[in-house]
Amino acid sequence: MSGAEPSSVAAAARAVLEQDLAALPGLAIRLPAGALDRLEQYVALLLTANERVNLTRVVSPEAVARLHLLDALAALPILDRIDPRRAVDLGSGGGLPGIPLAVARPDVAWILVDSVGKKAAFLREAAAALELVNVTVAAERAESMGRDPHHRERAQLVTARACAPLPVLAELALPLLAIGGALVAWKGPLTDDDPELRAGARALAILGGGPPDVAPALPDGAGLLGSHTFVEVAKERPAPARYPRRPGEPGRRPLA
């Protein structure tokens, strides 16, 4: 459907999502009334803005439905177990997974974080258009937020998709989490002996995190999300005051 109108792609993506959710009743039942309408509207906003700002390379209806919407919503069982009041989505970009999750959980206060001004502007526009009063946008670096007393160790949940390798993400996310909260990271296939997971576990331990737990994104999803996984990490202890380091330093010199 290359060249199709964003509204047409959004409607087709909704149809694919509805079909997939019909095969996943345990996930479908977690969506509030009107959520699919807002998700369709969000896709149209995303693809329209994508014509002027590079927000996503995923533009076909099936890919949008699964790699964007279903991929985000698959975390709802984890979110409902954590039951956060305040959540931070790092590297939101085009709003993923933050906006679909904010649509699905309007009782959670979401902070969508992206340091790129044009992307942050889109996030604000989308939140306003979708009337997501539970969403605020921060055009900041995560390292700066992690040292700000208004944000440091205040969130019960931090989410991140395609944001950074786990050793780097540990330093960006853990200082934002309250003790008892959790980091949920969207990842591809990971095994227990994966180098990223081993290095990430060492960095997480330094920053007050427990051992990373890896689970399939959709255990009963009939391959809809392939080998996507979630990495969940509990915040067990306060992060040392010297972390996070100055902006850019976690990426240049990961702790592990």
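Modeller: Let me begin with a definition: axes are lines fitted to C-alpha atoms, for helices over the stretch in contact, and the angles between their N-to-C directions run from 0 to 180 degrees. Please keep in mind that this is a predicted model.

In this model, helix 1, which covers residues 6–22, packs with helix 4, residues 61–73, at an angle of about 55°, and their axes are 8 Å apart. That makes helix 1 oblique to helix 4, and the crossing in which helix 1 passes helix 4 is right-handed. On the side of helix 1, the contact is made by Val9, Ala12, Ala13, Val16, Leu17, Asp20 and Leu21, while helix 4 contributes Pro61, Glu62, Val64, Ala65, Arg66, Leu69, Leu70 and Leu73. Sorted by class, the residues in this contact of helix 1 with helix 4 are twelve nonpolar and three charged, with no polar ones.

For context, there is also a feature elsewhere in the chain: a search of the whole structure finds one aromatic pair. The ring centres of Trp186 and Phe230 lie 4.9 Å apart with the ring planes at 85°, and because planes over 60 degrees apart count as edge-to-face, the pair is edge-to-face. Trp186 belongs to strand 5 (residues 177–187) and Phe230 to strand 7 (residues 229–234), so that the pair links distant parts of the chain, 44 residues apart. Trp186 has a relative accessible area of 7% and is buried, and Phe230, with a relative accessible area of 3%, is buried as well.

Terms used
Residues are numbered from 1 along each chain as its sequence is written. This is a predicted model: local features need pLDDT of at least 70, side-chain atom pairs count only at pLDDT 80 or more; totals for chains, interfaces and linings use all residues. Side-chain values use heavy atoms; hydrogens and water are left out. Helices (H or I, at least four residues) and strands (E, at least two) are DSSP runs, numbered from the N terminus. Angles under 35 degrees count as roughly parallel, over 145 as roughly antiparallel, 65 to 115 as roughly perpendicular and the rest as oblique. A crossing is left-handed if the near helix is turned anticlockwise from the far one by less than a right angle, and right-handed if clockwise. Contact means heavy atoms within 4.5 Å. Ala, Val, Leu, Ile, Met, Phe, Trp, Tyr, Cys and Pro count as nonpolar, Asp, Glu, Lys and Arg as charged, and the others, Gly among them, as polar. Rings of Phe, Tyr and Trp (its six-membered ring) pair if their centres lie within 6.5 Å; planes under 30 degrees apart count as stacked, over 60 as edge-to-face and the rest as tilted. Buried means under 20% relative accessible area, exposed over 50%, partly exposed in between (1.4 Å probe, protein chains only).
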